[in-house]
Each structure stands twice: as structure tokens, then as C-alpha cells.
Amino acid sequence: MDIVFSSVMLCALTAACMGFGGVFLRVSGLGNATENWAESYSLGFLMGTGFIGWILFFFGIAGVFTPAVFWSLAAVGIALLAITGRVYGNVGVPQNYPLRLTALLFVLMVTLAFDFVEGISPPADADTLASHFAVPKQFLLAGQIDFVPRAVTGAIPMLFHLTYAAALGMGGELTLTLWAMITGWSAGLLVFGIARRFADSAGALALAILFLTTPAVIYGGGSGQVETPSAAIALASAFALVVGRETGSWRILAVAGMLAGFFVGAKYFGLIFAGAAGLVLLFHRRGIGFAAVFGAAVFVAGCQWYFWNWWHTGDPVFPSLFLLLQLPDTSFWTADYSEYHKAIYAVAETPLDRTIANWLLYPVYATFDTVAKFESGRTGLGILLALLLPLTFTGALCRQFRDRQTIIFLALGAIFFTVWFASGTTQRVRHLLPVYPIIMIAFYALALKASEKFKLVRPFAAAVALVLIVQLGGHGLFAANYARYN
């Protein structure tokens, strides 16, 4: 009976997200720019998810953070879905199922089954238990959002955490774990939708499965870790940015900024992504205006947690600026501890010196797990990009393959990685996951086009199959622990 109730609440929350997202798709015109159902469904869901996380902040600081509010918000969203449902296209069903597509659909079912086993199990990740799911539960018990400084991380933005609270408050722990599961799936669905622009159904499905079985996604996709939903939001923002830039639509650029703002409100690294996107927009004849619209939307959608930190500490990105701003000691943070924290954090999280050589070699170190503190063997990004690199480079040399989407996606990834590496923050490779699908799509598109032009489809397919086999095997081993529990 519990699973039935939890599933109903999950469906209600999902439908509400689709309803709120449908409004944004229709008002902005982005819904008309989508080319397939996977794009519209995933974009609508992600915009709605971000909106719910954003608006719940205001209910939280008002002291009415209760299940009744969550249910009321869900009811409004469901009503909006009934009104805006036409913006979503019909689910496309292939007219025929060649062997390659049939095999990939079977692999997808196995992948989703592994995720489902985790989704119906209690959370097991230490960070999730101690923080990501624990803090939303504390908010629910208190009936309000509290300022939560922590000795290791300071005070982080929590937009996605508020959606966790909604899932927990509406349907209990099972709804929460299933919610974490489907937010991870939304990223894979958007990868599939965008890939359909340059690949057939089988090729796009292969790329989606490659993303869903990425070690970092397997590790964090079904938990409270926010890297996977951040990847979905960042990819949605990048897609809207490309469409808005090409069409000159201010409304779509505002949606792109809103999505980037949701990333900013979910994780500090969203600031880097928003800055990278704004820089890319400047390289346009109307760049200043585009960047202004984008930046204003980022500010509205992502600023609240930074004002919250500033209000309590004087540091909007607490504790990063504590020493620079020469803030007074508090009961939970002092200048001496800040110095200690900075030194210990640097030793634990930044094993590489920030040099040009290490910047160039970081992808090699991360891919082949040569630096233990990167944790790339267990929670990395896999070997796909390394195997595709020769074909991707070949494709990049061909002018006819370099469309604006590919260039912008590569630029976003390169700028994000450069600033991230130079900032002195953690060098754990899983923190690059938010921009990984953006880079992965660009690599895959160039490699696929090059393989078709130079008759290298078989080596390309072999590389994809190899990565799929390796990652699916790792996924099975990860899911085995949850299967034994159930």
C-alpha cells in the first residue's frame, strides 16, 4: 500500500512540474522550437522542477513549509498541465525496429531496471544520509527553512533540496528516492532528444544510455547528490541559449537564463556556468542586449540563496569570501577556522597545482585514474570522450560539420572547465558532471559525422559498444547491493 501511495504522489509531483514547465514552454515560444517529444517533455519537466524549488524558498522563509503547501502547489501545477498540455508533442513511436534499435531498447530497459532497484531502496550514500536528504527533513520538521552552516562545506544553495522536501512531505521516503531517480532520468531524456537532431533513433538512444551509465551518474543519479539534476538543468539552459541566440528571441534567452539561475540556486558551480553562458552570448552582434536579458533572468532565478547567506554571514558564497571580506567571528565560523579549513580543503581536494600543464593533462589524469583523489575510477566520466577524440578531432577539422550548436556546446564546456580548474575548488572529476552531457553531445555529433563521411562507422560503433558494455557492467555491480537488500 505504501508503494501505491508513494507512486501516486510521485506522479502528482511530476505532473505538477510538467504543468508549470508547460507554461514556460508556451509563453517563451521554446515549445515551438523543439523538434521532438523528448525535448519538449524533458524541458518542461526541468523548468517545472526548477520553478518548484525556486518558489518553495519563499514559503520556507515565511514559515509555512508544510505538506499542505506542497499538495496545493501540486494541484495548481496539475491544473496548468490540463491547460497547457498541447505544448507537449505526442510520444514518437518508431515505425520499425531494426535489430540495432531493438537491442538498445533492451539495454535501456536493463539500465532503468537497475535504477529502479535503487529507487525503491532506502538511501545508502553517506552524503545523502548526512546532508542532502537530512536537511530537507529538518526543514519539514521545523516547518520553515533554517540557515544551515556546516563545518566542511559552509552553507550551500539548496534549490534541488527543496524539491526533495516536497517529495518527502507529499509521499514519504519512497517518493523521495523515486523522485531522485526520475530527475536523473530527465537528463538522459534530454540527451536523447537533442541527439535526435543529428542521429537516428538508435544512435540517439545509444548516447542517452551512455550518459545514464556514466560512473558519476550511477553514483549520484539516484541519491541526493545534485550533480546529475544540475547536468540536466545546465543542458536545458545550453539548448535554450542556442535556440534563443539563433532565433533572436528575448523570451527564449530569458528562459535560458532562468534555467542557468536554477543551476546557480542549486550549486555554487552554477555561477561558473552562468558566466560562461553570458560570455558566449557576448560574441554576437546583439550580444550586450542578449547577455543583459540572460543575466537578469539568472539573477531572479538564482539569487535568493546568496542573499540568504549574506543576510546571516555577510558572505554571499559563505565561507569562500569570509577572509577576503574580513568578516567578524561568529559562533559557527571564525577567521582561525577559516584559515584551517582553507588549508585542509586544499590538501584534500586539490592535489594538482594550477598550472597550464596540469590544466592540459587533467583530462588524461581523470580518464585513466592516475590521481586517486580525483575518484575517477569509481565516480568519473568514463572513457567515451577519449575513444571518440580522434574522430571528433577529424570532424572538427571539417567546416561543414561545425554548426553553431556544437561550437557553443564546446565553448561552454571549455570555459567552465578552465574557470573551475583555475578557481582552486575541488578537483574531483564528478563535479564536472554538470557540463559533461554538453561536451558529450558535441563530441558524439562530430565523431558520428566524421565516421559517416570517412566510412569509419564500424570503428565508431565498436567504441560505443565497448563503453556501453563496460559501463553497463559497472551499473550492474552497483545495483547488486540494492538488489540484495530488496
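Modeller: An axis here is a line fitted to C-alpha atoms, for a helix over the stretch in contact, and angles run from 0 to 180 degrees between N-to-C directions. The model is predicted. Two packed helices are described by the angle between their axes and by the distance between the axes.

Take α18 and α21. Helix α18 spans residues 356-367, and helix α21 spans residues 404-422. They pack at an angle of about 115°, with axes 11 Å apart. Angles of 65 to 115 degrees count as roughly perpendicular, so α18 is roughly perpendicular to α21. Their crossing is right-handed. On the α18 side, the contact uses Asn-358, Trp-359, Tyr-362 and Pro-363. On the α21 side, it uses Phe-417, Thr-418, Trp-420 and Phe-421. By class, that contact has six nonpolar residues, two polar ones and no charged ones.

Glu-375 sits in the loop between α18 and α19, with α19 covering 376-379. Its phi is near 55°, a positive value in a residue other than glycine. Glu-375 counts as partly exposed because its relative accessibility is 22%. Most residues other than glycine have a negative phi, and most peptide bonds are trans.

At 70% relative accessibility, Gln-326 counts as exposed. Pro-319 lies in the loop between α16 and α17 too, and α17 covers 335-349. A cis peptide bond joins Phe-318 to Pro-319, with omega about 5°.

Thr-313 belongs to helix α16, residues 304-313. Beyond its neighbours within four places in sequence, Thr-313 contacts Phe-147, Phe-318, Leu-327 and Phe-332. A polar atom of the Thr-313 side chain lies 2.8 Å from the backbone oxygen of Asn-309. Is Thr-313 buried or exposed? It counts as buried, because its relative accessibility is 11%.

Helix α9 (residues 173-195) packs with helix α10 (residues 201-212) at about 150°, with their axes 8 Å apart. Angles over 145 degrees count as roughly antiparallel, so α9 is roughly antiparallel to α10. This crossing is right-handed. From α9 come Gly-184, Trp-185, Ala-187, Gly-188, Val-191, Phe-192 and Ala-195. From α10 come Ser-201, Ala-204, Leu-205, Leu-207, Ala-208, Phe-211 and Leu-212. By class, the α9 contact with α10 has eleven nonpolar residues, three polar ones and no charged ones.

Last, a glycine in α1. Gly-22 is placed in helix α1, residues 2-28. Gly-22 counts as buried because its relative accessible area is 0%. Leaving out residues up to four places away in sequence, Gly-22 touches Thr-84, Val-87 and Tyr-88. The C-alpha atoms of Gly-22 and Leu-43 are separated by 8.8 Å, and these residues are 21 apart along the chain.

Technical notes:
Residues are numbered from 1 along each chain as its sequence is written. This is a predicted model: local features need pLDDT of at least 70, side-chain atom pairs count only at pLDDT 80 or more; totals for chains, interfaces and linings use all residues. Side-chain values use heavy atoms; hydrogens and water are left out. Helices (H or I, at least four residues) and strands (E, at least two) are DSSP runs, numbered from the N terminus. Angles under 35 degrees count as roughly parallel, over 145 as roughly antiparallel, 65 to 115 as roughly perpendicular and the rest as oblique. A crossing is left-handed if the near helix is turned anticlockwise from the far one by less than a right angle, and right-handed if clockwise. Contact means heavy atoms within 4.5 Å. Ala, Val, Leu, Ile, Met, Phe, Trp, Tyr, Cys and Pro count as nonpolar, Asp, Glu, Lys and Arg as charged, and the others, Gly among them, as polar. Buried means under 20% relative accessible area, exposed over 50%, partly exposed in between (1.4 Å probe, protein chains only). A polar contact is a pair of N or O atoms within 3.5 Å; within protein, one must be able to donate a hydrogen and the other to accept it, and residues adjacent in sequence count only if both atoms are side-chain atoms.
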